[in-house]
Amino acid sequence: ATLNPRSDKAFYYGGVIKFENADYVGAIADFDKAIQVNPADAYYWNDRGSAKRVKGDLDGAISDYNQAIKVNPGLAFVYNNLGSARKQKGDLKGAIESYTTALNMKSDYYIAYNNRGTAKMEMGDLDGAMSDFNRAIQLKADYAFAYVNRAAVRYKQRDFKGSVSDCDKAIQLNPKYGEAYLNRGIAKEMMRDNTACDDFKKAKELGMKQAEQYVNDCNH
């Protein structure tokens, strides 16, 4: 069936496809049209907010997420996205507040636990961050991001062996996870483990620019 070119759904799905293909300007233009036709759909505002967030327009993203919440206050993922925009802007307290709202609405929302943990870690609340990462892993045992984030907390707590163990698990789940190799190498270096350089080289191979200096140091 031919889609009505004036249909808000047609504009919206066009925007989704463009977003998935990293054409964020085109996606925003399509979401604009969908919102003009039907401003009462929270998904349109949310997805336009996400396209703006990727482009770095954090104020625009926050405004769109808030409008999505105004239209439909019952969508936990919108609060999670709002938290991520606030975190990117440096409003860690506001981010934690948004993630907590999402979790109050959806208690098994492992992504929001992970995200709240990263905000807590940036604020220096290592115990709170550890609790959130533990909960994310408890809810989804194959969630590699949470293992790498928990590894970072353990590193800050000087539990280098635990940090390596969490990176091992993340790499087992995703063998192409460059950050896991980098973080494992850094923890191994603190343990005087001479296989750290192998991890740095693998991280560099997987596109981690931060690994380049470590590789250079290994070569001296």
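User: How do α6 and α7 run relative to each other?

Analyst: Residues are numbered from 1 along each chain as its sequence is written. In this predicted model, local features need pLDDT of at least 70, side-chain atom pairs count only at pLDDT 80 or more, and totals for chains, interfaces and linings use all residues, while side-chain values use heavy atoms, without hydrogens and water. Helices are DSSP runs (H or I, at least four residues), numbered from the N terminus. The axes, lines fitted to C-alpha atoms over the stretch in contact, with angles from 0 to 180 degrees between N-to-C directions, come within 9 Å for α6 (residues 92–105) and α7 (residues 110–123) and cross at roughly 155°. α6 is therefore roughly antiparallel to α7, a term for angles over 145 degrees.

User: Which residue classes make up the contact of α6 with α7?

Analyst: Contact means heavy atoms within 4.5 Å; Ala, Val, Leu, Ile, Met, Phe, Trp, Tyr, Cys and Pro count as nonpolar, Asp, Glu, Lys and Arg as charged, and the others, Gly among them, as polar. Leu92, Ile96 and Leu103 are among the α6 residues that meet α7, where the partners include Ala112, Ala119 and Met123. By class, the contact of α6 with α7 has nine nonpolar, two polar and four charged residues.

User: Is Lys120 buried or exposed?

Analyst: Buried means under 20% relative accessible area, with a 1.4 Å probe and protein chains only. Lys120, at 14% relative accessibility, counts as buried; this residue of helix α7 is in contact with Ile96, Asp125, Gly128, Ala129 and Asp132, leaving aside neighbours within four places in sequence.

User: Where is Ser7 placed?

Analyst: Ser7 lies in the segment before α1 (8–20) and is buried, with a relative accessible area of 19%.

How values were computed. Helices (H or I, at least four residues) and strands (E, at least two) are DSSP runs, numbered from the N terminus. Buried means under 20% relative accessible area, exposed over 50%, partly exposed in between (1.4 Å probe, protein chains only). Angles under 35 degrees count as roughly parallel, over 145 as roughly antiparallel, 65 to 115 as roughly perpendicular and the rest as oblique.
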